[in-house]
Amino acid sequence: MLKLYGGARSRASIIQWYLEELEIPYEFVKLDMQAGEHLQPEFLAINPMGKVPAITDGDFQLWESGAILLYLADKYSKKTLSPEERAIYSQWSLFANATLGPGVFLEANREKEMPRLINPLNEILAEQPFLMGQEFTVADVAVGSILNYIPIMLKLDLSEYPNVTNYMTKLSQRPAFQKAMGIFS
């Protein structure tokens, strides 16, 4: 059985959300981060960086949330991806973790970067309900999780981005989101 390693209120909830969407059975291994369980040899054998989330799927081990999301999409999604679709999923996953997250959550970047990042998202979501069009995908988990952390962690006014806020609300109402990330909303 697939095991997801995480801590309380950690980014492991992003992976848990997608596992719930895919209806994949998994075991959640909650590490006591305060006690340093993520720095013990047993976990460092899975992720030498000592960070969560990480997964084991049989003998396969993987860490880094974006990589885990893409792996799950490749292995467990009911849709076969073309190389082009896979590249676009990768693009959104990398955007979420490497561009959107730092652009919004790093205070030094926020004033300049946030409008440059959120305005195009607002325009995309004016034309379609999800990032890839009409269908919810792993791209929505990657980007939507970062967006849904904003009101929790920063309390920023996003009212000038109505399509983004509607998208955030729509995602947060999904049963899998509620099960995995409801503690954050």
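This is a predicted model: local features need pLDDT of at least 70, side-chain atom pairs count only at pLDDT 80 or more; totals for chains, interfaces and linings use all residues.
Residues are numbered from 1 along each chain as its sequence is written, and side-chain values use heavy atoms, with hydrogens and water left out. The span 1–80 is 34% helix and 22% strand, and its end C-alpha atoms lie 22 Å apart. Helices (H or I, at least four residues) and strands (E, at least two) are DSSP runs, numbered from the N terminus.

**The sheet**

- An open sheet with mixed pairing is formed by 4 strands in the order β2-β1-β3-β4; two strands pair if DSSP finds at least two bridges between them.
- β2 (26–30) and β4 stand at the edges with a single partner strand each, so one side of each has no neighbour in the sheet.
- From one strand to the next, the twist averages 20°; axes are lines fitted to C-alpha atoms, for helices over the stretch in contact, and angles run from 0 to 180 degrees between N-to-C directions.
- Strand β1 (residues 2–6) runs parallel to β2 and is joined to β2 by 5 bridges.
- Lys3 has Glu27 in β2 as its bridge partner.

- Strands β3 (residues 54–57) and β4 (residues 60–63) pair in the antiparallel sense over 4 bridges.
- Opposite Ala54 stands Trp63 in β4.
- The hairpin has 2 residues between the strands, and Gly58 takes a positive phi near 70°.

**Helices on the sheet**

- Helix α3 (residues 65–76) lies across β1, β3 and β4 and runs at about 135° to β4.

**Contact of α1 with α3**

- The axes of α1 and α3 come within 10 Å and cross at roughly 10°.
- The two helices, α1 and α3, are therefore roughly parallel to each other (angles under 35 degrees count as roughly parallel, over 145 as roughly antiparallel, 65 to 115 as roughly perpendicular and the rest as oblique).
- Ile14, Ile15, Tyr18, Leu19 and Leu22 in α1 meet Ser65, Ile68, Leu69, Leu72, Ala73 and Tyr76 in α3, where contact means heavy atoms within 4.5 Å.
- The residues of this contact divide into 10 nonpolar, 1 polar and no charged; Ala, Val, Leu, Ile, Met, Phe, Trp, Tyr, Cys and Pro count as nonpolar, Asp, Glu, Lys and Arg as charged, and the others, Gly among them, as polar.
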